[in-house]
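Dear colleague,

Please find below the structure that I am handing over to you. My notes on it follow.

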Amino acid sequence: MLATHPTICKPLLSFLIIFVSFFLVSCQKGSQNQKTVYSNNFETSDLINISGGILTNFNNTTVLGRYNKAGFGLQISDLPAHELVEISFDLYIHDSWDGNGIEPDGPDIWKLEVEGVNYINTTFSNKECPYTCFPQSYPFNYLNSNQQPKNGAYFPQLPGFCLWSDRSGGSSMYKIVKRIRHSSASFSLRCLDELVQSNTADKLCDESWSLDNLIVKTIDFD
Ligand SMILES: [Ca+2]
Ligand SMILES: [Ca+2]
């Protein structure tokens, strides 16, 4: 059939050749080389490369934390040539975080910085409505949005750690993945909070956070 309709098939053939060529070139340009340059589940208590590291056990795993008005840093050197870094981790929000609430309850801000530049500046709320609850900013930055408490949580109903240790849903876990443009051979990250709860003596028990399965990958393109 093809040979009997050369006028129809020629444009079709040309189109197919262009399409396939474009597809192949796109694939080659888009192929990624990913290398894991840091990976830590903290089960061996390895705090090399970490500053401000604290370890605790939560929900049958070792995690980095807990923190309140504090945080930790990660420094890595001798990274291979790359254009992007991908940072991923599990973030645990423990007990009575108040999201976008105001004094004396909030706002309860959590931050991620790379090379001193802020990439996440958000709030989490762990109090489920209709009881006294505040909206949270996550997955957006503070104060761009009023989301429901626990919005985007991967595990929203984990046991609390201290103030709400007897409560299912007292902790929430968020899986966070962030890709940023980065090319230098050294890498520094910092995670910290600006928690507010001025009407309690035991702030760490009232609200805190911890982190697990911290992975940093470099990404390069052919
Ligand atoms: Ca762990
Ligand atoms: Ca608070």
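Which residues does Leu211 touch, not counting residues up to four places away in sequence? They are Val63, Leu64, Gly65, Phe89, Asp90, Leu91, Tyr92 and Cys191, a contact being two residues whose C-beta atoms, placed from the backbone, lie within 7 Å.

The model is predicted: local features need pLDDT of at least 70, side-chain atom pairs count only at pLDDT 80 or more, and totals for chains, interfaces and linings use all residues. Residues are numbered from 1 along each chain as its sequence is written, while chains are lettered from A and ligands numbered from 1 in the order in which they are written.

Leu211, with Leu91 and Tyr92, touches the most other members of the largest nonpolar core, which has 32 residues. Such a core is a set of buried Ala, Val, Leu, Ile, Met, Phe, Trp, Tyr and Cys residues joined through C-beta atoms within 7 Å; buried means that 20 or more other C-beta atoms lie within 10 Å of a residue's own, again placed from the backbone. Strand S6 (84–95) is among the elements that give two or more residues to this core, and its six residues are the highest contribution. Strands are DSSP runs (E, at least two residues), numbered from the N terminus.

There is also an open, antiparallel sheet of five strands, in the order S2-S5-S11-S7-S8; two strands pair if DSSP finds at least two bridges between them. S2 (50–51) and S8 (117–123) are at the edges with a single partner strand each, so one side of each has no neighbour in the sheet. S11 (residues 187–194) pairs with S5 (residues 71–76) over six bridges, where Cys191 is the bridge partner of Phe72.

With kind regards

Terms used
Helix = DSSP H or I, 4+ residues; strand = E, 2+ residues; numbered from the N terminus. Buried ≥ 20, exposed ≤ 12 C-beta atoms within 10 Å, placed from the backbone.
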